[in-house]
Amino acid sequence: QVQLVESGGGLVQAGGSLRLSCTASGSIFSINDMGWYRQAPGKQRELVAAITSGGLINYADSVKGRFTISRDNAKNMVYLQMSSLKPDDTAVYYCYAQIQISKLLPPGNSWGQGTQVTVSS
């Protein structure tokens with residue numbers, strides 16, 4: 001069984017910064033992509049940033065230049081450094097990871113429980 005646990009959300013004023021962390025634990029053979037999605041009230045969940053095991057990165061256009069994703073493969077962790085935050089960034093942020101629990105099985109997507117980020121104007 002695999003578990004993803006996020007931390008680092010909270011309330012911040014516009015222009016401020018927050019750093020989200022996510023740790024994967026459990027029966028893990030390997031992790032492919034890791035990343036972050038977010039879901040604002042009344043909106044669909046959207047990709048914020050993703051990073052492959054080799055370090056290739058993809059950002060949503062809305063966060064380019066403001067957010068930075070990174071990962072520590074040895075610790076099975078992924079981070080999201082968020083700067084110049086805007087009220088539109090307010091959402092629940094979800095960590096995800098494509099985890100293979102055995103070399104005999106294909107990877108599957110695992111999700112964290114979500115962490116609230118609220119940006120006040």
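What share of the contacts in the chain with a separation of 6 or more is accounted for by residues 24 or more positions apart? In this predicted model, such residues account for 57% of those contacts.

Overall dimensions come next. The C-alpha trace spans about 50 × 25 × 25 Å along its principal axes. The radius of gyration is 14 Å, which agrees with the value near 14 Å that a compact globule of 121 residues would have. Of these 121 residues, 38% are buried. The accessible surface of the chain amounts to about 6,400 Å², and carbon and sulfur atoms supply 48% of that area. As for charge, 10 side chains are positive and 7 are negative, with 3 Å between the centres of the two sets.

The search of the whole structure turned up 1 disulfide, which joins Cys22 to Cys95 with an S to S distance of 2.0 Å. The link of Cys22 and Cys95 is left-handed, with -75° about the S-S bond. This pair ties together distant parts of the chain: Cys22 sits in strand E3 (residues 18-26) and Cys95 in strand E9 (residues 91-100), 73 residues apart. Are the two partners buried or exposed? Cys22 has a relative accessibility of 0% and therefore counts as buried. Cys95 is buried too, because its relative accessible area is 0%, and the cut-off for buried is under 20%.

Technical notes:
Residues numbered from 1 in each chain as written. Predicted model: local features only at pLDDT ≥ 70, side-chain atom pairs only at ≥ 80, totals over all residues. Heavy atoms only, no water. Rg over C-alpha atoms; globule rule 2.2 N^0.38 Å. Buried < 20%, exposed > 50% of the residue type's maximum accessible area, 1.4 Å probe, protein only. Contact = heavy atoms within 4.5 Å. Areas by Shrake-Rupley, 256 points an atom, 1.4 Å probe, with all protein chains shown as cover. Lys, Arg positive; Asp, Glu negative; His and termini not counted. Charge placed at Lys NZ, Arg CZ, Asp CG, Glu CD. Disulfide = S-S within 2.5 Å. Helix = DSSP H or I, 4+ residues; strand = E, 2+ residues; numbered from the N terminus.
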